[in-house]
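Q: I would like to learn how to read the features of a protein model. Could we work through one together, beginning with the pairing of strands?

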Amino acid sequence: MRTGDRIRLVAAKDFCFFRAADKYVEGHTREQCFILDQSLNQLAEELAGADFVRVHRSALVNLDCVEEIVRRSGGQYVVCMRDAAATQLPISRSAKSALGL
């Protein structure tokens, strides 16, 4: 991760999730948020087979950091993450079937 003139090495397994935000991607560990230069599609390709699942067009999650999946009214689901903010991310209809929901 680039921060000013420094580059910090962070292992992929340390990220809980990646989320698209406007024109950039946020990478969230349990404690910190990093701004990334890559697109969510690029990250999904690079992390394929590494316990990361695309749950929405705007979110890629590490299954090892999922606390639970909750069904909301209207049949919508959210994934609750094990980060410091207890982030909840929506699950798309296509991802529901891929997750067996």
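Q: Which residue stands opposite Val-61 in β7?
A: Strands are DSSP runs of E, at least two residues long, and helices are runs of H or I of at least four, both numbered from the N terminus. Two strands pair if DSSP finds at least two bridges between them. In this predicted model, Val-53 is the residue opposite Val-61 in β7. Strand β6 (residues 52-56) and β7 run antiparallel and are joined by 4 bridges; a hairpin of 2 residues connects β6 to β7.

Q: What conventions apply to the numbering and to the values?
A: Residues are numbered from 1 along each chain as its sequence is written, and side-chain values use heavy atoms, with hydrogens and water left out. As the model is predicted, local features need pLDDT of at least 70 and side-chain atom pairs count only at pLDDT 80 or more, while totals for chains, interfaces and linings use all residues.

Q: How many residues does the largest nonpolar core have?
A: In soluble globular proteins, nonpolar side chains tend to be buried together. A nonpolar core is a set of buried Ala, Val, Leu, Ile, Met, Phe, Trp, Tyr and Cys residues joined through side-chain atoms within 4.5 Å. Here the largest core has 13 residues, and those with the most contacts inside it include Phe-17, Val-55 and Val-61. At least two residues each come from β3 (15-21), β7 (59-62), β9 and β10, with β9 giving the largest share, 3 residues. Another core, of 10 residues, lies apart from it and includes Phe-15 and Leu-40.

Q: Which residues does Val-55 contact beyond its neighbours within four places in sequence?
A: Contact means heavy atoms within 4.5 Å. With those neighbours left aside, Val-55 is in contact with Val-61, Val-79, Pro-90, Ile-91, Ser-92, Ala-95 and Leu-99.

Q: Is Thr-29 buried or exposed?
A: Buried means under 20% relative accessible area, exposed over 50%, and partly exposed in between (1.4 Å probe, protein chains only). Thr-29, in strand β4 (residues 24-29), counts as buried because its relative accessibility is 11%. Not counting residues up to four places away in sequence, Thr-29 touches Val-10, Asp-14, Phe-15, Cys-16, Phe-34 and Asp-83.

Q: Where does Glu-67 lie, and what does it touch?
A: Glu-67 is in strand β8 (residues 66-71) and counts as partly exposed because its relative accessibility is 47%. Not counting residues up to four places away in sequence, Glu-67 touches Cys-80, Met-81 and Arg-82. The C-alpha atoms of Glu-67 and Thr-29 are separated by 14 Å.
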